[in-house]
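Student: Could we go through this one together, starting with a helix and what lies over it?
Tutor: Gladly; here it is.

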Amino acid sequence: MAARPTWKGYLKISLVNIPVKVFPATDAAATLSFNQLHAECQTRIQQKRWCPHCAREVPNTDIVKGYEFEKGRYVLVEDEDLEKVRVESTRVINLERFTDDRAIDPIYLERPYYLAPDGAVAKEAFAVIREGMKGKAGIGKVALYGREYLVNVQPREEGLVMYTLRHANEIRSMKAIDELGEMPQKVKPDEVKLAQQVIGTFEGDGDFESYRDEYQAGLREIIDAKIDGREIVAHEEEAPPKVVNLMDALRKSLDTISAKKKSPAAIDRVSTMAPKKRARA
């Protein structure tokens, strides 16, 4: 199924305006979700809008938006009022500043979206801007879902990726974490060196496609078993041993890694001897 845009407007850089569409870059359907059921009859629960003052259900046509400016006092906000909020970002992503694409702290990144040209005429200008932005990140604003977001736009493959950003006042200071208080100011150089050796043995490319969601896979296995009337026996998880001596733990880690690297044939034999899963009818 072709992706559907959630926003249409213009990408603006100085006097250049390019018609663009914004698409979600993530797929919520890829994650298992559950419905709430009544345990007695397994009927799906309905969420009803209930007015406690009138003691009755309220239809959607009788629901309005209200802002509580004092305890128990509201001012009504109509759709016409919302339409009057016509800031530039409701229709234009204006990139006002550019920085190195590695300069933005990942803690500010919130949700990714893809940008694509809107129409054949926009494609050439879009491609030129994409190439001109290589290695750069453009900072601007866009209004989505009833609020204005700070955004970071940068080239990615054939298009542009746009991240909504958290504002500085939304980021908590690490000083608020009591557990990080009074951390040791000095560490033992030999322990650091050994830790670097252990970490170095795991270095590799950041290939996220090689990872799978083991929890979702296990959850799917349990659901399939319940559908088939089979019982799943949970594996007992052993608690990780407590680190009494850091140097000993680091040395054992290096010894274990070295032993595994020296016997790849044994690993291959184990994998080929693993029983094949029986196909479901």
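**Around a helix and a strand**

Tutor: In this predicted model, the cover over the buried residues of α2 includes β1 (7–13), β2 (16–24), β9 (109–117), β11 (147–156) and β12 (159–165).

Student: Which residues of helix α2 are the buried ones?
Tutor: Helix α2 spans residues 120–132, and its buried residues are A122, F126, I129 and R130. As for the spacing, an α-helix has 3.6 residues a turn, so residues three or four places apart point the same way.

Student: Switching to strands, how many residues of β10 are buried?
Tutor: Seven of the nine residues in β10, which runs over residues 136–144, are buried, so that the strand is mostly covered.

Student: And in what sense do β10 and β11 pair, and over how many bridges?
Tutor: The pairing of β10 with β11 is antiparallel and runs over seven bridges, with G140 having V151 in β11 as its bridge partner. These two strands form a hairpin with two residues between them, and Y145 in the turn has a positive phi of about 50 degrees.

Student: What about β8 and β10, how many bridges there?
Tutor: Strand β8, residues 97–100, pairs with β10 in the antiparallel sense over four bridges, and the bridge partner of D100 in β10 is K136.

Student: Zooming out, what share of the chain counts as buried?
Tutor: Of the 281 residues in the protein chain, 19% count as buried, and the chain has six helices and 12 strands. The chain exposes about 23800 Å², with carbon and sulfur atoms supplying 53% of that area.

Technical notes: Residues numbered from 1 in each chain as written. Predicted model: local features only at pLDDT ≥ 70, side-chain atom pairs only at ≥ 80, totals over all residues. Heavy atoms only, no water. Buried < 20%, exposed > 50% of the residue type's maximum accessible area, 1.4 Å probe, protein only. Contact = heavy atoms within 4.5 Å. Pairing = 2+ DSSP bridges. Areas by Shrake-Rupley, 256 points an atom, 1.4 Å probe, with all protein chains shown as cover.
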